[in-house]
Amino acid sequence: MSSQHWLIPATEELGFKLLKGHIVRITDVEGEQVADFVAFNANDPSERLDPGVTLDTVRSKNVTPGDIIYSTRYRPVFTILSDTVGRHDLLLPACRPEMYEVLYDKKDHISCYDNLNHALAAFGIPAADQHTPFNLFMNTVVDADGSVRVERPLSRAGDYIELRAEMDLIVAVSACPCAESACNGYTCTSIAIDIR
Ligand SMILES: [Zn+2]
């Protein structure tokens, strides 16, 4: 597999295959843009990247280079090789149409949930009942009293994270289409993907 590059336009998505040992770089092109990132075992899609299992094994909500991102079956999916931001989210689900109705009183809003399902369908992976992605560049703050809020990403133009695949994977990425909150700095922009 030679190196490949894609630009995901604002509010859109991408699916791709990533073989074990290959490296994916996800870049926040303009800054303050979240990328909802999911991955499934290419040989058995019933196993997928699991942020909850990763929290359980890494024992921190702030993963750093050298940390492993785990699967539903407690097996390594990725190793973080480099990260110019240091703030991502392992806690929150993908945005979905119902979220926009409940939180923002908007119907039929484009969402990461639908984007990811669309990208994965091209690889024969059926729609999930819910996606809990590794939310790259998402700045979720948990206060000492337990309250949770999403603030503007810390990422600036050109910031990136690099992940090495530890198994053959089908990956889907959504450039989060939420312009209603600080999640994406109130403006949706593009995400770049490079694999090598
Ligand atoms: Zn989203």
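View 1. Cysteine 95 is buried at 7% relative accessible area, and cysteine 112 is buried at 0%. Buried means under 20% relative accessible area (1.4 Å probe, protein chains only).

**View 2. Helix H3 lies across S2, S4 and S11****.** H3 spans residues 112-121 and runs at about 145° to S11. Angles (0 to 180 degrees) are taken between N-to-C directions of axes fitted to C-alpha atoms, for helices over the stretch in contact (heavy atoms within 4.5 Å). Seven of its ten residues are buried, so H3 is largely enclosed by the rest of the structure. Among them are Cys112, Tyr113 and Leu116. The buried residues of H3 pack against S2, S4, S11 and helix H2 (97-104).

**View 3. Four strands form an open antiparallel sheet****.** The order is S2-S11-S4-S7. Strands pair if DSSP finds at least two bridges between them; helices (H or I, at least four residues) and strands (E, at least two) are DSSP runs, numbered from the N terminus. S2 (13-18) and S7 (134-136) stand at the edges, each with a single partner strand, so one side of each lacks a neighbour in the sheet. Six bridges join S2 to S11 (residues 169-175). Leucine 14 stands opposite valine 173 in S11.

**Notes.** Residues are numbered from 1 along each chain as its sequence is written. In this predicted model, local features need pLDDT of at least 70, side-chain atom pairs count only at pLDDT 80 or more, and totals for chains, interfaces and linings use all residues, while side-chain values use heavy atoms, leaving out hydrogens and water.

Methods: Buried means under 20% relative accessible area, exposed over 50%, partly exposed in between (1.4 Å probe, protein chains only).
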